[in-house]
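User: I would like to learn how to read the features of a protein chain. Please take me through them one at a time.

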Amino acid sequence: MLDFFELLIEIHQENTSLSEKYIKLKNVLDEVSKDLTKNIGLHFSSFFARIAFLTNQHQINKRIAWHLQQIRLLSHQILRKGYQPSQNEYDNAFKSLAESLTKFYQVGMPPEVASILPLTDFFAPLPKVIGKSIEKVRVEVISIDWKNEILYCLAESNESEEQISVKYNLPTINDEFTPSIKKLWEGAQLNLLDVQIDENGVYIPKYFILEPDYLIDVSGIAECFQMKGTQPLAFLLRKLEVQGLTLSQHLGNIANFFLDEVLNQTDENPATFENSFLKTFQLYPIEYTSLKEIEENADFKSFMGNANLHFSNIKRTVEQDFTKFGINNENCYIEPSFFSEKYGLQGRLDLLHQRNNKFDIIELKSGKSVPNSDMWLNHRIQTQLYRLMLQSVFQTEARQINPAIFYSAASGNNLRFAASFISEEKEMLNIRNLIVANEFALATSEYQARQVIGLLRESEFQNFSPFALESVVHIQKILAVATPLEKKYFYAFVNFLAKEHQLGKVGDTEFSQGLSALWAKSFEDKANSFEILYDLQIIDNQSYSESPCLIFKRTNPKNDFVNFREGDIGILYPRDTPETTALQNQIFKCTIEKIEKDSIKVRLRYKQKNQSFFEKYNYWAIEHDFLEHSFNAMYRGLFSFLECPLKEKKEVILGLKAPAKPIIPEEKTPPPPYFSELNPESAGIVQKAMQAKDYFLIVGPPGTGKTSRLLKTLVKELYNQTDSIILLIAYTNRAVDEICEAISEHHLGNFIRIGSELSTKPEFRGHLLDKIASQVKNRAELREKILQTRIFVGTLASISGKNELFNLKKFHIAIIDEASQILEPQIIGILPKVEKFILIGDQKQLPAIAQQAPELSKVKDKELIEIGLTNRRNSYFERLFNLCQKNEWTWAYDMLTHQGRMHAEIMAFANEFFYEGKLKLIPADWQIERLSFNAGAYEKDSLAGLLAVKRLLFFPTPVSHTDIDEKVNEFEALKVVEIIQAIRHLYSQNNKDFVPEKTLGVITPYRNQIAKIRHELEKAGIADYERITVDTVERYQGSQRDIIIISFCINNILQMRNLVSLADDDKTDRKLNVAITRARQQMIFLGNENLLSKNQIYRALIDFAKK
């Protein structure tokens, strides 16, 4: 807390502009709000929400509270529009922040702050507005008067310091929303739409949208509507359903592909059923070979006939009926996506036709159609939600949009247009709100998660389809037979996942807003944090090719550095004006295929015949996308674990029961010749892993060769010495490529890779399942290839998305690399499906990625703690390893200790402070040699002289205030340049090759500092500077260089909180451990000694480097 007052003094005394000081005050307020709410289980989707909660909770004077919100608003004006605050505005901000700190932390005003406190009186805000109409206003619920049916809220625009009163449950106006209003909580965010303000200043909205940044998919809402009733719980039901792909779903996927084929046909190349159906075989190889309903030839022929019927109806409708309704194929967009923050909706249409300012929505349905020209209720709701979404995106009226359902199974009247009803609009938006309320309840606590899932009862689904009722009965049956501990485990992780999902969609602060950053975060903030590629111009449009892609020219030098990598998924949208966001047009989901300094190539999901959209706009932008389906896979994985009928196996996986002890043969067989590549320790661990019964854990510290040597030997031993069918999984595609290289190097026969072409190295693309499918003649041949193949490889995400694979193959063993980076719900659904698993990782290196604070993910239940589940953000690997150590299950784990990456001096610090002295050298001669460059004429104490003889160096640097966010230190950036110049000179003088990709790398915690270092390298004319990797430690895990330079870039004490990443033992700094174990020969540290020394580990590191 005193740190905050120290920062206020420091800011006040800086010789910088009022604008810079004001932004730094805002940064302090942000850190204060994070500090005060870090252990509170409530959700805060914005800076506004967090400030509102704190000022209300701590009963801050409303005038001061108003001024704190003004800090937020005025900061946006400064950053976005270059607004120059007055001295009076700065004084008000400083004074309100200082006085609120005393209230927040219940302390007196420090004399040093009181002596510089401005004497100015707070100026008054505008009075409350009355008698006015407003289209939309964002508010936060402060309190609720249930008796008088009034919400007391704070408006985000914050023109008045007074709370506003919002009236609900008014007949014919907004009473349709009463069910979802009853689910509200203090701190909830609302969009009030079509608002009238009466003569008393009371707000009367026609629509309430709960947590509007939390976008709900249109199709998910629509499935909550059935002819006999509505049920928002149907949305939750879809999350937990573990049923495999059905034949009707497969037919639906094929029908959608047929529509794309027919729309993209040309006179020279017309779409035919034979060609189109053959293409689906390549698209869905596992589906065709795993579906039992079409296993027999007669059943397959029947299915093919049904598919032909759909194709014929689709082709006839597109070629004949579309014209009758004025739909021109040339003006159609295939699978366009949209976001609507106004209504809290997102969705992907099957087809959008645009003519001038009129739109036709076409949604294809392959199931049974309603007789005559009617449509099913859920289908009509879907079209109406799409219409609302397009109204908000294109700012148009309802009459300009014609939504229709295209029934491909109907014998006639295939295209059926839907009418719109205002009352229906309110009902479906109320259901959307109820879905959001359930989602937020799941994320609130384990108790709430249990309560919500407990609502999935037969009585709630009596008016729904038999399939939904069957799923509900199944879920209740599984939960009824689950043990108390299994249920605790399940609900604990459902709650954890719901919170992670929430943060992924809307974040919890102004600086971490998840997907909602697309519209909620200012362009300036995104540009400053390198989260947007902008001012892109199309130079090569291949969107109509079989592999649809676009190549852009990067026209703005300010956008040279960005936080994007090849393989990243993105959201592409036109951006011709500075104010444009992804909410104002259709967006394209894409993958970055290639990124270079002057250009970028992206792959689109769908081929686009209509080129007018790409020709209409001059400039485009790309931002990061969010993979929502990965969360559904984790929910289903959790429930799949509960479904496992093998009680003993579940007990072993949970850690309730010890893994079976292996039977060690009395006569030891000599190891095979290829074991000679391993040292005795590694060879012993491979044999121990082979002998293990249920599972085996291998801890692989940095440089111990856990992938390069041990994993490939393990696979070779399994392949040659057993008949095992092997599943190899890694967290990242880079690691999967390494595994593929190891398999290929040892010529272990054919293997199949599960994944996409873009995420696979070119040399391994021939092993992708879809490529194999394109080379076989029929299903029988493909099935045979799959059945004969013994090795399957893929990322965890790609394997988790292919449940059908486990219907085709019975895997004897799964080897999972990078296991310490995998959250427990990501892996728990796979483990019961394999006979045995081997996990390889290191719990002292980078952890699994979790967004919620450690305190919030901490486990409090004693039974769960007893099985080692102390914090849900930890990996399953870490939990199981700690459990094995605690219970002395020594036969189930081991640790590699001989490392061949680092010189002894480089290894020493990590070994002493993080690995309890267990690490050893291979040994190799170079690991103990002295560094002895010839420094030539340089003096001993000069930079080159020091670099020539010292392997560890620390250079103290002053703090730097050149960057508003203080995430840049120009002194360190310039020192990096100076060091690299000296190193290159030493290498040249000593006739050593300087290979940028191998010789040297730079690690720093902030993207702003990365950009600054790269800029200074270019400015200094460093040859091949772009080949020197300057990146964060997260991007460096798994990499190594001869020399590593670390720029800590700490300019204030608060930044130390983010720099330090302690493991549960409170001793191991995981980020620091990874950073200091990337170097083979030499390591150089740059940082402010005074600030770094406030942390015990960093103080020790500095002392160690100075020896």
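User: What share of the contacts with a separation of 6 or more links residues 24 or more positions apart?

Analyst: A contact means heavy atoms within 4.5 Å. In this chain, residues 24 or more positions apart account for 72% of the contacts with a separation of 6 or more. The model is predicted: local features need pLDDT of at least 70, side-chain atom pairs count only at pLDDT 80 or more, and totals for chains, interfaces and linings use all residues. Residues are numbered from 1 along each chain as its sequence is written, and side-chain values use heavy atoms, leaving out hydrogens and water.

User: How many helices and strands does the chain have?

Analyst: Both are DSSP runs numbered from the N terminus: helices are H or I with at least four residues, strands are E with at least two. Here there are 44 helices and 35 strands. The radius of gyration is 31 Å, close to the 32 Å of the globule rule for 1107 residues, so the chain is as compact as a globular protein of that length. That radius is taken over C-alpha atoms, and the rule is 2.2 Å times the number of residues to the power 0.38. Along the principal axes, the C-alpha atoms fill a box of roughly 90 × 85 × 60 Å.

User: What percentage of the residues count as buried?

Analyst: Buried means under 20% relative accessible area, exposed over 50%, and partly exposed in between (1.4 Å probe, protein chains only). Of the 1107 residues, 59% count as buried. The accessible surface is about 45,200 Å², with 49% of that belonging to carbon and sulfur atoms. These areas come from the Shrake-Rupley method with a 1.4 Å probe; for residues, only the protein chains shown count as cover.

User: How far apart do the centres of the positive and negative side chains lie?

Analyst: Lys and Arg count as positive, Asp and Glu as negative; His and the chain ends are not counted. Each charge is placed at NZ of Lys, CZ of Arg, CG of Asp or CD of Glu. The chain has 131 positive and 142 negative side chains, and the two centres lie 2 Å apart.

User: Now strand pairing. How many bridges do β4 and β5 share?

Analyst: Two strands pair if DSSP finds at least two bridges between them. Strand β4 (residues 189-197) and β5 pair antiparallel over seven bridges. Leucine 193 has tyrosine 207 in β5 as its bridge partner. The two strands form a hairpin with five residues between them, and glycine 201 in the turn has a positive phi of about 85 degrees. Seven of the eight residues of β5 (residues 203-210) are buried, so this strand is largely enclosed by the rest of the structure.

User: Which strands does β12 pair with?

Analyst: On one count, three bridges join β12 (residues 351-355) to β9 (residues 332-334), and the two run antiparallel. Isoleucine 334 stands opposite leucine 351. β12 also pairs with β13 (residues 358-365), antiparallel, over five bridges. There, arginine 355 is bridged to lysine 358. β12 and β13 form a hairpin with two residues between them, and asparagine 356 in the turn has a positive phi of about 55 degrees.

User: What backbone values are worth a second look?

Analyst: Most residues other than glycine have a negative phi, and most peptide bonds are trans. Glutamate 149 has a phi near 55 degrees. Its place is the loop between β1 (132-145) and β2 (150-155), and at 23% relative accessibility glutamate 149 is partly exposed. Glutamine 395 has a phi near 50 degrees. Glutamine 395 sits in the loop between α14 (377-394) and β14 (401-407), and is exposed at 60% relative accessibility. The peptide bond from isoleucine 922 to proline 923 is cis, with omega near 0 degrees. Proline 923 lies in the loop between β30 (920-921) and α36 (943-949).

User: Is phenylalanine 764 buried or exposed?

Analyst: Phenylalanine 764 is buried, at 5% relative accessibility. Its loop runs between β24 (751-754) and α27 (769-773). Leaving out residues up to four places away in sequence, phenylalanine 764 touches Asp737, Cys740, Glu741, Ser744, Phe751 and Arg753.

User: And which elements do the buried residues of α23 pack against?

Analyst: They pack against α18 (484-506), α22 (629-643), β22 (695-699), β27 (836-841) and α34 (876-887). The buried residues of α23 (residues 647-654) are Lys649, Lys650, Val652, Ile653 and Leu654. Glycine 655 follows α23, with a positive phi near 100 degrees.
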